[in-house]
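The sequence and structure are shown first.

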Amino acid sequence: MRTTLPSGVPGFQEVYQEQQDRYPPGEPAWQPVHTVYVPADRFTAGTVAAWGDEALALAKAHLATPADLAEVFGVPDELSAAVHERVLRKLATEPVEDLRVDFEDGYGVRPGEEDGHVEQAVEALAAMRAAGTLPRRWGPRVKSFADGDPERSVRTLDGFVTGIVERLGELPGGFTVTFPKVLMEAYLGQFGVFLERLEEALGLARLRFEIQVEAPQTVRFLRAELAGELGGRLAAAHFGVFDYTAALGLPPHEQRLDHPACDHARHVMQTAFAGTGVELSDGSLAASPASGSAADVRALWRRHAELVRHSLAHGFHQGWDMHPSHLVSRFATVYAFHLARYDAYRERVRAWEERRAAGGGVMDEPATIKTLVAALRRADAALL
């Protein structure tokens, strides 16, 4: 074939490398389906087991059979037995996938006590590591720089990491730290510099952190470039529903995860971090069963399940759980979500690979197939 112009596009290689750095290729790693946070003053080596025991007891009392589960969560009869079995097994073996020891809103301001609670948390986590009960993800949530006292935030983190390393000789895998209420972009860089100094002083690999998107101010500076500008330290962005809706001036009864204002914030988060490898997590339900009665427990489960389904439908596969009862509705809803479509997704991928029609008039595009494969991998990880 004859051409007119010389081959090559000037400057392409530099731009392409920038694309690879900003949007790295590859499959996403395992992501927990939830984060459980426990106030530091209430956290012990037995907290995770206690949450699992309480959740399992609630499930056995109020979801005794697959039919009960189908009735409470609207799970199709043909899936109810599989979901029921998985929920009970999960609560008995791994009730918490991601744990935060909270030194922020759930803990409060305790200038004379926080150092002591850091030491207690370190001892508890070291005991959990020895017992094999440390969750796959774990770490602290420190105070926000927006509170006007960054020294308290970094002192707690320093004591936390230093204590773990001194007791265990290393920082176990899965560690991450949650940095809340990032009202000013500059706080991110300042926090990153502190993490770098801590790494150098303790001889650690790169420390990563997740930010909480809890204010309209934060939404304005979310962008794909943040991951690179922070040296690859930005692991995730977690939505904070109550601070966010309060900052917008929504009335208390409208401060809920499925409010349209929250949908907007989530979509901005998705747009900013799509393809960057930065994980996304949704927020929480600030409620527990009004009593131990079946009616109240089931009412709580139904509402929480609605919110979890809303998150999943919007592409947020992780959320925050604030009470043991939430573990039941979290796992039941996640398992039902994946199982309901698993076979259909797998058939569409096979049809594409075999260059045949998928059935039902479906005409899949390459981008859809990529999404189907990712959904199957996510389901496989969640359903283990």
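The lining of the largest pocket divides into 18 nonpolar, eleven polar and five charged residues (nonpolar: Ala, Val, Leu, Ile, Met, Phe, Trp, Tyr, Cys and Pro; charged: Asp, Glu, Lys and Arg; polar: the others, Gly among them). This is a predicted model, in which local features need pLDDT of at least 70, side-chain atom pairs count only at pLDDT 80 or more, and totals for chains, interfaces and linings use all residues. Residues are numbered from 1 along each chain as its sequence is written, and side-chain values use heavy atoms, with hydrogens and water left out.

On a 1 Å grid over the protein atoms alone, a pocket is an open set of points with protein on both sides within 12 Å along at least five of seven lines, a cavity is a set where a 1.4 Å probe fits but cannot get out, and lining residues have an atom within 4 Å of a point. Volumes are the space filled by probe spheres set on the points, which are joined across faces, edges and corners.

| Space | Volume |
|---|---|
| Largest pocket | about 1300 Å³ |
| Second largest pocket | about 450 Å³ |
| Largest cavity | about 50 Å³ |

Helix α14 gives the most to the lining of the largest pocket, with ten residues (helices are DSSP runs of H or I, at least four residues, and strands runs of E, at least two, numbered from the N terminus).

In the second largest pocket, strand β6 (residues 234–239) supplies the largest share of the lining, three residues. That lining comprises eleven nonpolar, seven polar and five charged residues.

The lining of the largest cavity holds five nonpolar, five polar and two charged residues. Its largest share, four residues, comes from α12.
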